[in-house]
Amino acid sequence: MNQHVVVIGGGVIGLSVATSCVQRGHQVTLIDATPSTRGASLGNAGMVVPSHFTPLAAPGMVALGIKWMADPESPFYIKPRLDWDLIRWAYRFWRSCTAAKVRRAAPVLRDLHLASRADYAELAGSGEDLGLAQNGLMMLCKTRETFQEESETAEIARGLGLNAEVLTADEAAAWEPGIRMDIHGAIRYAEDCHLDPRRYVASRLAAFDRAGGESIRDVRATDWRMEGKRIAAVVTTAGEIAGDQFVLAGGAWSTALARRLGLRLPMQAGKGYSFTHPSPRQSPRICAILVEARVAVTPLGGQLRFGGTMEIAGMDERIDPRRVAGIVKSIPRYYPEFAVEDFEQLEPWQGLRPCSPDGLPYLGKTRAVDNLIVATGHAMMGLSLAPITGRIVASLVDRQPSPIDLRWLSPDRFG
Ligand SMILES: Cc1cc2nc3c(=O)[nH]c(=O)nc-3n(C[C@H](O)[C@H](O)[C@H](O)COP(=O)(O)OP(=O)(O)OC[C@H]3O[C@@H](n4cnc5c(N)ncnc54)[C@H](O)[C@@H]3O)c2cc1C
């Protein structure tokens, strides 16, 4: 039965959901608070990552976070502040950093990423120009210790059926002829790939328009009008919008709207930065993560994007030049052909990642409301998981079973 689906949030997640629903014949209205796609969705590193089967909340992260607190250029930082939401989130994050929870999450994340990767490949195969490069991802390790740790993770990856190759520095160099790298070794994840997030957003916007979707921009959702346990309409700065099904896909801003429904959706914004060199001295073919520095490197056409940091500092969209400097300084350590000065004139971009305390998305229906589907909390994986998220939500709208088991992703899991 065709329904009127109202999607709140026009980032990669909201757009993917809206497009999947409209392509299944539903009437879809997409609302976004900004005039054009903003949020975290455009300047990200564009990586599609089955290799990321370990959520952010993993053993060792709390100790690492504490160690990095004092370093203004560190890649992970929680700004200390007296805020109950942050304190509760930090407590849940700490509780989630167990080997058992990570083991439980791994196959779910693997399945989501692989399904999404297949969707991207299908889209590109149908002629959509996403800049998709299906040539893997390299985890570049500078030190023997990190290489050892990453080799152990590669072993777990292989246990999960992923193709993870442990490479010496020379073997890694053979994958990137002409690129000078100063590393101890690398892991290559063959199933990973990268694309240009701007092209994906443009492709979804065009597909949504073509299929007759309605896009309402520069309008903020502020509240809900309820009829019993059902949402009758979302209240916005431009009046009410009624619908049959509502999808909350507002990224890091979703918590406040969920709270108006009595739904507790703990999240913190994880700010990250990127900058894109228009004509780099060298450009690898394969996207890479500089492991110790936690920096992502992505070739985008002739350009080269660097992204990193996870700064838990509230809904603060200001750019901290010290953290950007931390990313810049790490680059010549792995790619000695580059100099810090190469990046001086580049405009940094920032985005707020929607981070749940256990590092897993909130995906599915909630007990709190009959006609709400939640699709947020994708943290560092929103681009990677966008197509499958769209497909899952569209299945739920159609009252069909989700193609992936959603048990551990329930929006109700924190009460
Ligand atoms: C530096 C960096 C690098 C990254 N690299 C990768 C990567 O390589 N691979 C990957 O998978 N992920 C990556 N990510 C993460 C990814 O960017 C995010 O997970 C993803 O963009 C989240 O998408 P979203 O649609 O949920 O949120 P957003 O993109 O933030 O979109 C949310 C939208 O909702 C709108 N909105 C919010 N509240 C309201 C409201 N009340 N009313 C109306 N509209 C509202 C906002 O205006 C916004 O447009 C990276 C992130 C950063 C910062």
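Here are some questions and answers about a predicted model.

Reader: Let's start with helix H1. How many of the twelve residues of H1 are buried?
Author: Helix H1 covers residues 12–23 and reaches 16 Å from its first C-alpha to its last, close to the 16 Å expected at 1.5 Å a residue. The rest of the structure largely encloses H1, because the number of its twelve residues that are buried is eleven.

Reader: Which helices and strands do the buried residues of H1 pack against?
Author: The buried residues include Val12, Gly14, Ser16 and Cys21. Among the strands they pack against are S1 (4–8), S2 (27–32) and S13 (245–248). The partners also include strand S20 (372–376), helix H7 (197–210) and helix H10 (382–397).

Reader: Which residue just after H1 takes a positive phi?
Author: Helix H1 ends at residue 23, so to speak of what follows is to look just past that point. There, a positive phi of about 95° belongs to Gly25.

Reader: Is Ala269 buried or exposed?
Author: Ala269 sits in strand S14, which spans residues 268–277. Buried means under 20% relative accessible area. The value for Ala269 is 3%, so this residue is buried.

Reader: How far apart in space are Ala269 and Ser356?
Author: Leaving aside neighbours within four places in sequence, Ala269 is in contact with residues including Ala252, Glu311, Met315 and Arg353. Ser356 lies 87 residues from Ala269 in sequence, yet their C-alpha to C-alpha separation in space is 8.9 Å.

Reader: What is the bridge partner of Ala221 in S11?
Author: Strands of a sheet pair through backbone hydrogen bonds, either parallel or antiparallel. Here S10 and S11 (residues 230–236) run antiparallel and are joined by six bridges. In S11, the partner of Ala221 is Thr236.

Reader: Turning to the ligand, which residue has a polar backbone atom 3.0 Å from a nitrogen atom of the ligand?
Author: The ligand is surrounded by 36 residues, and Asp32, Ser41, Ala221, Ala379 and Ser384 are the closest. Oxygen atoms of the ligand are 3.3 Å from a polar backbone atom of Val12 and 3.2 Å from one of Gly46. For the nitrogen atom at 3.0 Å, the residue is Ala33.

Notes:
Residues are numbered from 1 along each chain as its sequence is written. This is a predicted model: local features need pLDDT of at least 70, side-chain atom pairs count only at pLDDT 80 or more; totals for chains, interfaces and linings use all residues. Side-chain values use heavy atoms; hydrogens and water are left out. Helices (H or I, at least four residues) and strands (E, at least two) are DSSP runs, numbered from the N terminus. Buried means under 20% relative accessible area, exposed over 50%, partly exposed in between (1.4 Å probe, protein chains only). Contact means heavy atoms within 4.5 Å. The expected span of a helix is 1.5 Å times one less than its number of residues. Two strands pair if DSSP finds at least two bridges between them. A residue is near a molecule or strand if one of its heavy atoms lies within 4 Å of it. A polar contact is a pair of N or O atoms within 3.5 Å; within protein, one must be able to donate a hydrogen and the other to accept it, and residues adjacent in sequence count only if both atoms are side-chain atoms.
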